[in-house]
Amino acid sequence: MKFVKAESYEKLSRMAAGIIAAQVILKPDCVLGLATGSSPLGTYANLASACKAGDVDFSAVKSVNLDEYVGLSGEDDQSYRYFMDTNLFSKINIDRANTYVPGGCSDDMEAEGKAYDELIDSLGGIDLQLLGIGLDGHIGFNEPDDIFVGKTHVVELDKSTIEANARFFESIDDVPRSAITMGMGAIMKAKKVLLIANGKNKEDILNQAFYGPITPRVPASILQLHPDVTVIYSEN
Ligand code: GLP
């Protein structure tokens with residue numbers, strides 16, 4: 001694991017965008033695993049600028065997102081599909097048909113999860129997976145559990161996650177109680193993992209995840225077993 005401490009969120013964002021841009025330059029038809037949350041916003045803004053400047057070409061890139069709230073359609077402005085369209089896909093020259101986010105509104109969520117894993121396999125797996133980390137150690141929406149779940153699956157969100165994500169909604173009651181998330185299988189099979197975290201409040205969980213025991217109680221701790229992980233952290 002490479003641990004990089006950045007001086008500021010701006011610098012973290014530039015570094016993370018640089019790594020993703022390098023991936024796209026080296027393999028123009030790569031598969032990017034993408035994340036939502038506030039942490040990647042600066043990274044996505046930098047990628048948009050790099051694309052606008054003509055430095056990175058996303059036209060052959062495919063992307064798979066980590067997760068989606070159950071019950072929200074892609075048109076809902078709180079959905080992760082909407083977040084990705086607004087904050088990244090509409091600002092770079094990626095073909096939207098090559099961008100995938102798990103569906104939160106399927107009648108059969110189990111089939112949705114299975115189809116998503118088959119899709120990732122059919123794309124040849126993920127070349128570079130971008131991750132944030134939740135305060136309880138979740139990656140994607142893989143919440144603390146008794147086991148690590150490999151497949152894309154539906155999870156009940158933890159109270160702490162609902163509280164943390166309430167800032168994006170009008171009221172805490174509007175936060176969906178469940179989500180569909182890529183499991184640890186596809187994440188661990190990604191060739192490279194880039195985890196970004198900012199804020200003093202993430203320090204403790206980063207220590208637990210990367211320097212503590214590997215346990216499904218701290219989901220991100222499984223990344224200690226991945227051969228190519230870069231963590232970029234900034235205090236502010
Ligand atoms: C959400 C997402 C995660 C993300 C986490 C941290 O719950 N499902 O993928 O990593 O929040 O978010 P933030 O970056 O806003 O702290």
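The legends below describe close-up views of a predicted model.

**View 1. The largest pocket and the residues about its centre.** The largest pocket of this predicted model has a volume of about 470 Å³, and of the 27 residues that line this pocket, Ile133, Gly134, His138, Arg167 and Lys202 are the closest to its centre.

**View 2. The lining of the largest pocket, with helix H5.** Helix H5, which spans residues 159–165, gives four residues to the lining, and this is the largest share. Taken by class, the lining of the largest pocket holds 13 polar residues, 10 nonpolar residues and four charged residues.

**View 3. The crossing of helices H1 and H2.** The axes of helix H1 (residues 9–26) and helix H2 (residues 41–52) come within 8 Å and cross at roughly 55 degrees, and the two helices are therefore oblique to each other. In this crossing, which is right-handed, H1 passes H2.

**View 4. The contact between H1 and H2.** From H1 the contact is made by Tyr9, Ser13, Arg14, Ala16, Ala17, Ile20 and Ala21, while H2 contributes Leu41, Gly42, Thr43, Asn46 and Leu47. Among the residues of this contact of H1 with H2, seven are nonpolar, four are polar and one is charged.

Definitions and conventions:
Residues are numbered from 1 along each chain as its sequence is written. This is a predicted model: local features need pLDDT of at least 70, side-chain atom pairs count only at pLDDT 80 or more; totals for chains, interfaces and linings use all residues. Side-chain values use heavy atoms; hydrogens and water are left out. On a 1 Å grid over the protein atoms alone, a cavity is a set of points where a 1.4 Å probe fits but cannot get out, and a pocket is an open set with protein on both sides within 12 Å along at least five of seven lines; lining residues have an atom within 4 Å of a point. Grid points are joined across faces, edges and corners, and a volume is the space filled by probe spheres set on the points. Ala, Val, Leu, Ile, Met, Phe, Trp, Tyr, Cys and Pro count as nonpolar, Asp, Glu, Lys and Arg as charged, and the others, Gly among them, as polar. Axes are lines fitted to C-alpha atoms, for helices over the stretch in contact, and angles run from 0 to 180 degrees between N-to-C directions. Angles under 35 degrees count as roughly parallel, over 145 as roughly antiparallel, 65 to 115 as roughly perpendicular and the rest as oblique. A crossing is left-handed if the near helix is turned anticlockwise from the far one by less than a right angle, and right-handed if clockwise. Contact means heavy atoms within 4.5 Å.
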